[in-house]
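Please look over the model below.

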Amino acid sequence: MLARSALRSVSNARAFSSSASRQTKVAVLGAGGGIGQPLSLLLKTNPLVTELSLYDIRGAPGVAADVSHVDTHSEVTGYPADKLDEALDGVKVVVIPAGVPRKPGMTRDDLFNTNASIVRDLASAVGRVAPEAHILVISNPVNSTVPIVAATLEKLGVYDPKRVFGVTTLDVVRAARFLGGIADVNPSEAVVPVVGGHSGPTIVPLLSQTAKGKGITGEVYDKLVHRIQFGGDEVVKAKDGAGSATLSMAYAGAKFTDALLRALNGEKGVTTPTFVKSPLFADQGIDFFSSLVELGPNGVEKIHPLGSLSASEEKLLEACLPELKKNIEKGKAFVA
Ligand code: NAD
Ligand code: LMR
């Protein structure tokens, strides 16, 4: 699938070759990690990336030397711990998978104490050095780290809600894969909008809005929803203390980055779920939410409403909102 999207990117890159935004420098912060390494490799294969800047407190120059031998045209540079500002110079897109992953028995929120300050400090550097960059947050807990990035940029006076994204693509990837398995079709025919946030009950798959998912009921439905909501736990358990999803996340991160790059380059109609500043539930004090978002040359172009929900989905949403609100408030309070 990535190969197909890479091919699509080639043709789109040609189609939009007159666009002024074709010089696209992308930075990966946390490039030496379990996600960062394969993500850097996949971004090296994306023809829309012209320069790749790899930063980590450990090991980024080595990853960069390795990835730089791949025979695509982009230039790759690795930066050690003390060269963050240099790594961010002139970047248009910054992807952040820096931070610790879960071990069995932990929730994503248990990562807050370590990852909140990592993400805040990285966001602060982006705000100072590359204030117009689009920031794609992978580090968990996403429901809190995205508000942390937003509040940090706000403090610096450079926050543009159109340019800050929580990457929830892995939930979308999992939903298509798991539904595809049940319906016995290719996952590309079982794409599901997944809305809300990125942790357990805040992950809300809208199966009723898909041709393959709308007929699923009863125990099969409950199990499918549970698997989409807790797919991350499956990987954490199987890795048995060695971390969480890295390879599927790198795939998902590369997929979302490709979608954004295509939109920045002028492709129309690029729409995907992502966790952004959103008006949908702002009246309930929940000002970040993932729903289908159309991306454009400036980032967020249009936030779509949820559309009609089944009774089961209404219940899932009811369970999502209070938890999401808590996570968002915790992130904001950290920066305040
Ligand atoms: P990892 O431990 O393998 O890698 C993390 C990397 O971050 C390490 O190389 C580390 O040196 C680096 N790092 C730490 N502090 C840093 C800093 N201040 N600046 C730059 N780099 C720094 O972990 P991983 O498996 O790659 O996971 C990374 C994060 O992504 C975790 O928080 C994990 O929970 C999250 N994650 C999110 C999703 C999602 O769907 N959004 C999916 C999987 C994992
Ligand atoms: C995932 O969904 O796989 C990630 O958020 C990592 C995790 O902690 O489960």
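The report starts with confidence and then moves to helices and ligands.

This is a predicted model, in which local features need pLDDT of at least 70, side-chain atom pairs count only at pLDDT 80 or more, and totals for chains, interfaces and linings use all residues. Residues are numbered from 1 along each chain as its sequence is written, while chains are lettered from A and ligands numbered from 1 in the order in which they are written.

**Confidence.** pLDDT is the predictor's confidence in each residue, from 0 to 100. The protein chain averages 94, and 94% of the residues score at least 70. Residues 1–21 fall below 50; beyond near neighbours in sequence, this stretch has 30 contacts in the model. A contact needs two C-beta atoms, placed from the backbone, within 7 Å. Where pLDDT is low, the predicted coordinates should not be read in detail. The model scores are ipTM 0.99 and pTM 0.95.

**Helices.** Helices (H or I, at least four residues) and strands (E, at least two) are DSSP runs, numbered from the N terminus. A residue is buried if 20 or more other C-beta atoms, placed from the backbone, lie within 10 Å of its own, exposed if 12 or fewer, and partly exposed in between. Helix α2 (residues 36–44) is mostly covered, with 7 of its 9 residues buried. Among them are G36, Q37 and K44.

In helix α9 (residues 231–239), the buried residues are G231, G232 and V236. They sit on the same side of α9 because they cover an arc of only 140° around the axis. That arc is taken from the directions from the helix axis to the C-beta atoms. The buried residues of α9 pack against α7 (169–183) and α8 (218–229). After α9 comes D240, with a positive phi near 55°.

An unreviewed UniProt entry places "domain: Lactate/malate dehydrogenase C-terminal" at residues 168–335. UniProt positions follow the numbering used here, feature names are shortened, and annotations may be inferred rather than shown by experiment. The span is 47% helix and 20% strand, and its end C-alpha atoms lie 22 Å apart.

**Ligand shells.** A residue counts as near a ligand if its C-beta atom, placed from the backbone, lies within 6 Å of it.

Of the 32 residues around ligand 1, G33, G34, I35, A98 and N140 come nearest. Helix α5 (residues 112–129) gives the most to that shell, with 3 residues. Around ligand 2, α9 supplies the largest share, 3 residues. The ligand 2 shell includes R102, R108, N140, G232 and V236.
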